[in-house]
Amino acid sequence: MAEDHDPHNISRRKFMTRTAIGGAGLIIANDVLSSNLLAATPKPATQTMMGVPFEAREQVRMGIIGVGGRGSSLLRDLLAVDNVEVRAICDLLPEKVERAQKAVTDGGQPKPAGFSGGEWDFKNLNQLDLDIVYIATPWNWHVPMAVDVMKNGKHAAVEVPAATTLEECWDLVNSSEATRKHCVILENCCYGSNEMMVLQMVRDGSFGEITHGEAAYIHDLRGVLTANEGEGLWRRFPHMKRNGNLYPTHGLGPVAHYMDIHRSDRFDYMVSVSSNQASLSAYVKSNFADADPKRAEKYICGDMNTSIIKTVQGRTILLQHDVVNPRPYSRLNLISGTKGAFADYPARVFMDGQKEDDWQKIDAFREKYEHPLWKTAGEMARKTGGHGGMDYIMNYRLMDCLKRGLPPDIDVYDAAAWSAPTPLSERSVAENGAPQKFPDFTRDHWKARSDSPLFAG
Ligand SMILES: NC(=O)c1ccc[n+]([C@@H]2O[C@H](COP(=O)([O-])OP(=O)(O)OC[C@H]3O[C@@H](n4cnc5c(N)ncnc54)[C@H](O)[C@@H]3O)[C@@H](O)[C@H]2O)c1
């Protein structure tokens, strides 16, 4: 394999040469960047999955693993899309499987097969004749489940974040390439009405040359994290083990689209720092009795994690994560270029040369730039609900790509690169903000990408 098609090998060789010459104490910044790649262990590349279309079909036959809060909401959306058959449901809890089966029969479809025989029963669901399997389980299950889905000849659609370590990111990439099955990350925020409209404006050159973006997940989840049900049963535990950005994709996905990441640009490296941890422990202290086991828990994830990503084309992205402080929800969702800027929460636009030195409301741009997908399916999206309609648009579009035989909008390379800030931020925080290189999950294919731009089909 050519050197420039395997950055992992180059880095390893350079790193070993330089440490041999200079001694371990003399590693300079570039070597530190290169050495970060040692954690990633890509197997030899097979053919890329970039731009590979789904095989066309009239009906989509699907299964869902995990029908808690998120899986149930996805199911509601999917039942509203034409020519989608929900044929199988799996969850640890039989009552959740039964509830989901009833939702399907209430929606006028035959009763789907149910699997609730333990934590590996999803493997039996994966033996069925299905086109795609959705995975909406706790984070530690995403990769083992998605890999098994692909190995059994089906496409996988995984909730966010798709993976939590670099090794897991590579497992998804390697499995997708080896099985020739897609692994899509269900990043619903890319399908928001504002996000899709801003993407149209970026494409039209409204903001000029894009140089900077800002992305975040700022959401007060203290109640959810400490509940005795749902995400409270698993989502607090990473806060005791990891210090970094645990949930990077909601903010980052849309900004990656504005910047054409994996089309004409790529994440290069990132630096990250965390504040001290204070809010989750204070919340537990004020809301739970001394005898509650939560009072003995030790949280190490800083309240606010702040990273900066540098892209290969020189752009910067501010990326933040805070799920424990009392403040209003925000994904920042900002993009700035040589002719203007867009910022969200609330959605607003500033154009170079405008008379008032203040933001304009985005509504003035909606008529010209509303995305065709929202024009077609917006009414149903708003009615079905999920997160202002973005969930329906995402599901509608993915099912449409499957039926029409288009490539997915978001592929395994995006799933890996958007999830990688979790391990990279963790490592940077542990090394006092030292830069961490992103593996090129595309193995250099992003440079020669020839399929149509995103959402063009
Ligand atoms: N995209 C979004 O807007 C969004 C919103 C919420 C959650 N999520 C993501 O969705 C996923 C699920 O979150 P949730 O809120 O539904 O959590 P949840 O705890 O409500 O549901 C998870 C479900 O998975 C089941 N489960 C656990 N292990 C299993 C196994 N081995 N086999 C089968 N079922 C298993 C549980 O019984 C539970 O019903 C997470 O990855 C989360 O980050 C995404």
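**Entry 1: the largest pocket**

I began with the largest pocket and noted a volume of about 1,100 Å³. The model is a predicted one, in which local features need pLDDT of at least 70 and side-chain atom pairs count only at pLDDT 80 or more, while totals for chains, interfaces and linings use all residues. I number residues from 1 along each chain as its sequence is written, and side-chain values use heavy atoms, with hydrogens and water left out.

For my own reference, a pocket is an open set of points on a 1 Å grid over the protein atoms alone, where a 1.4 Å probe fits and protein lies on both sides within 12 Å along at least five of seven lines. Its volume is the space filled by probe spheres set on the points, which are joined across faces, edges and corners.

I then looked up the lining, which takes in residues with an atom within 4 Å of a point. I found 44 lining residues, with Gly69, Arg70, Ala136, Glu231 and Trp234 nearest the centre of the pocket. Three helices, H3 (69-79), H4 (94-106) and H6 (139-151), each supply at least two residues of this lining; helices are DSSP runs of H or I with at least four residues, strands are runs of E with at least two, and both are numbered from the N terminus. By class, the lining holds 21 nonpolar, 13 polar and ten charged residues. Here Ala, Val, Leu, Ile, Met, Phe, Trp, Tyr, Cys and Pro count as nonpolar, Asp, Glu, Lys and Arg as charged, and the others, Gly among them, as polar.

**Entry 2**

I traced an open sheet of nine strands with mixed pairing, in the order S14-S13-S12-S11-S7-S10-S9-S8-S15. Strand S14 (360-361) and S15 are the edge strands, each pairing on one side only; two strands pair if DSSP finds at least two bridges between them. S9 runs antiparallel to strand S10 (residues 316-322), and six bridges join the two. Lys310 has Thr316 in S10 as its bridge partner.

I located Met304 in the loop between helix H12 (279-287) and strand S9 (305-311). Is Met304 buried or exposed? Met304 counts as buried, at 16% relative accessibility (buried is under 20% relative accessible area, exposed over 50%, partly exposed in between, with a 1.4 Å probe and protein chains only). Leaving aside residues up to four places away in sequence, Met304 touches Ile218, Val273, Ser274, Ser275, Gln320, His321, Asp322 and Arg327, contact meaning heavy atoms within 4.5 Å. Met304 and Gln320 are 16 residues apart in sequence, and their C-alpha atoms are 7.0 Å apart.

**Entry 3: salt bridges**

I counted 26 salt bridges, each a side-chain nitrogen of Lys or Arg within 4 Å of a carboxyl oxygen of Asp or Glu.

Asp106 bridges to Lys102, with the closest N and O atoms 2.8 Å apart. The two are about one helical turn apart, because they stand four residues apart in helix H4. Asp106 is exposed, at 57%.

Asp440 and Arg266 form another salt bridge, at 3.7 Å from N to O. Asp440 lies in the segment after strand S15 (436-437) and Arg266 in the loop between helix H11 (249-258) and strand S8 (267-274), so this pair ties together parts that are 174 residues apart in sequence. Asp440 is buried at 6%, and Arg266 is buried at 11%.

Arg295 and Asp290 make a salt bridge with closest N and O atoms 2.9 Å apart. Arg295 is partly exposed at 28%, whereas Asp290 is exposed at 64%.

Finally, I recorded a network of salt bridges that links Glu55, Arg57, Arg61, Asp129, Asp131 and Lys181.
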